[in-house]
Amino acid sequence: NNIYCGFLILGLKEDIKKAVEKLEYLLVNFQQIAFQRLYDALFATLILGYFFLNDNESIQECYKRYEKLTANVNKNVENDLTIKAVYYASQWNSTQRKQYVEKLQGISEKAAENDKLVHLQNFISEVVEYFEIPMKVVK
């Protein structure tokens with residue numbers, strides 16, 4: 001089975017697992033090399049991989065690592081919002097806590113402010129619909 005999200009076919013679950021493993025290897029084995037400018041892109045890809053594998057525990061761990069490693073680094077807005085959207089949706093899905101709906105709503109609103117983030121808005125809309133998250137999607 002291919003994992004499908006919107007117009008993006010990600011491949012077989014085994015392929016996603018291999019990609020996640022390779023990214024983890026990259027992050028662990030090259031952590032001494034200064035490549036902070038790539039952190040947000042690497043973590044965005046990694047957290048999306050965990051999301052499509054429905055691995056909420058790894059999403060939480062990945063998010064914590066991302067926040068720690070990028071605390072004092074300029075972040076790409078699109079990647080940062082994507083990471084946060086996935087994290088909040090995952091947390092809502094596993095806890096059903098209202099605070100994550102509110103945080104996801106905030107991410108949706110920030111994405112709506114930027115014309116270049118329409119695809120992120122669409123992704124959030126699909127996630128909200130799929131997981132039946134009780135929030136209004138900003139368009």
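Is glutamine 96 buried, partly exposed or exposed? Select this residue in the predicted model: its relative accessibility is 49%, so glutamine 96 counts as partly exposed, the cut-off for exposed being over 50%. Glutamine 96 sits in the loop that links helix 4 (77-95) to helix 5 (98-112). Its phi is near 60 degrees, a positive value in a residue other than glycine.

Next, select asparagine 54. This residue belongs to the loop between helix 2 (39-52) and helix 3 (56-69).

Now display helix 4 together with helix 6 (residues 118-131). Their axes come within 11 Å and cross at roughly 5 degrees; the two helices are therefore roughly parallel to each other, since angles under 35 degrees count as such. To view the contact, show the side chains of Glu78, Leu81, Thr82, Ala85, Val86, Ala89, Trp92 and Asn93 on helix 4. On helix 6, the partners are His119, Leu120, Phe123, Ile124, Val127 and Phe131. Classed by residue type, this contact of helix 4 with helix 6 comprises 10 nonpolar, three polar and one charged residues.

Finally, colour the chain by pLDDT. The protein chain averages 83, and 83% of the residues score at least 70. Over residues 1-9, by contrast, the pLDDT is below 50. Beyond near neighbours in sequence, this stretch has 18 contacts in the model. Where pLDDT is low, the predicted coordinates should not be read in detail.

Notes. Residues are numbered from 1 along each chain as its sequence is written. This is a predicted model: local features need pLDDT of at least 70, side-chain atom pairs count only at pLDDT 80 or more; totals for chains, interfaces and linings use all residues. Side-chain values use heavy atoms; hydrogens and water are left out. pLDDT is the predictor's confidence in each residue, from 0 to 100. Contact means heavy atoms within 4.5 Å. Helices (H or I, at least four residues) and strands (E, at least two) are DSSP runs, numbered from the N terminus. Buried means under 20% relative accessible area, exposed over 50%, partly exposed in between (1.4 Å probe, protein chains only). Axes are lines fitted to C-alpha atoms, for helices over the stretch in contact, and angles run from 0 to 180 degrees between N-to-C directions. Angles under 35 degrees count as roughly parallel, over 145 as roughly antiparallel, 65 to 115 as roughly perpendicular and the rest as oblique. Ala, Val, Leu, Ile, Met, Phe, Trp, Tyr, Cys and Pro count as nonpolar, Asp, Glu, Lys and Arg as charged, and the others, Gly among them, as polar.
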